[in-house]
Amino acid sequence: AKLILTFVRIILCVGIGFYLKSIIKNKGSQLLILCFCLILAGAVGNLIDSVFYGVIFDDSLGQKATLFSENNYGTLFYGKVVDMLHFPVIKGYLPEWLPLIGGDYFIFFNPVFNVADVAISTGVGLLLWCNSKYKTRKSDKSELV
């Protein structure tokens, strides 16, 4: 399944690249080009991680990864997507008076952000937002006629 996912990512990156080239060639809007550049950059970043990371780094779970380690954890095309950032805002214990969870350790804002996925999500979000603005403007003009 991992190998199939990697090849699907390769095909999608090539397809997005050709579509982006046609948008640029046809002088598409700068915002549309930016959206597809973000999507392509994120897709290529995830692709590089999944193809090469297991070969050139050791496992980074709970530690910093070592470049060109002798203890690499994977083979070509079987790496993990790892370009992650972690920003815990508040760490501490919940008050004892809270039912069921009182006294438990918690970390507020514990999610780990993947830089490539943020680029993809931003590109898709901008596409959706701009498309909805375009449809709104188009419907407003039709009402005037």
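How many Å should the 24 residues of α1 span, and how far apart are its end C-alpha atoms? The structure is a predicted model, in which local features need pLDDT of at least 70 and side-chain atom pairs count only at pLDDT 80 or more, while totals for chains, interfaces and linings use all residues. Residues are numbered from 1 along each chain as its sequence is written, and side-chain values use heavy atoms, with hydrogens and water left out.

At 1.5 Å a residue, α1 should span 34 Å, and its end C-alpha atoms lie 35 Å apart, which agrees. The expected span is 1.5 Å times one less than the number of residues; helices (H or I, at least four residues) and strands (E, at least two) are DSSP runs numbered from the N terminus. Lys27, with a positive phi near 55°, follows α1.

Thr6, Cys13, Ile16, Leu20 and Ile23 are the buried residues of α1 (buried: under 20% relative accessible area; exposed: over 50%; partly exposed: in between; 1.4 Å probe, protein chains only). These buried residues pack against α2.

The largest nonpolar core has eleven residues, among them Cys13, Phe36 and Ala43. Such a core is a set of buried Ala, Val, Leu, Ile, Met, Phe, Trp, Tyr and Cys residues joined through side-chain atoms within 4.5 Å. Two or more core residues come from each of α1 (2-25) and α2 (30-56), and α2 gives the most, with seven. Apart from neighbours within four places in sequence, Ala43 is in contact (heavy atoms within 4.5 Å) with Cys13 and Ile120.

Phe87 is located in the loop between β1 (84-86) and β2 (90-93). Phe87 is partly exposed, at a relative accessible area of 46%.
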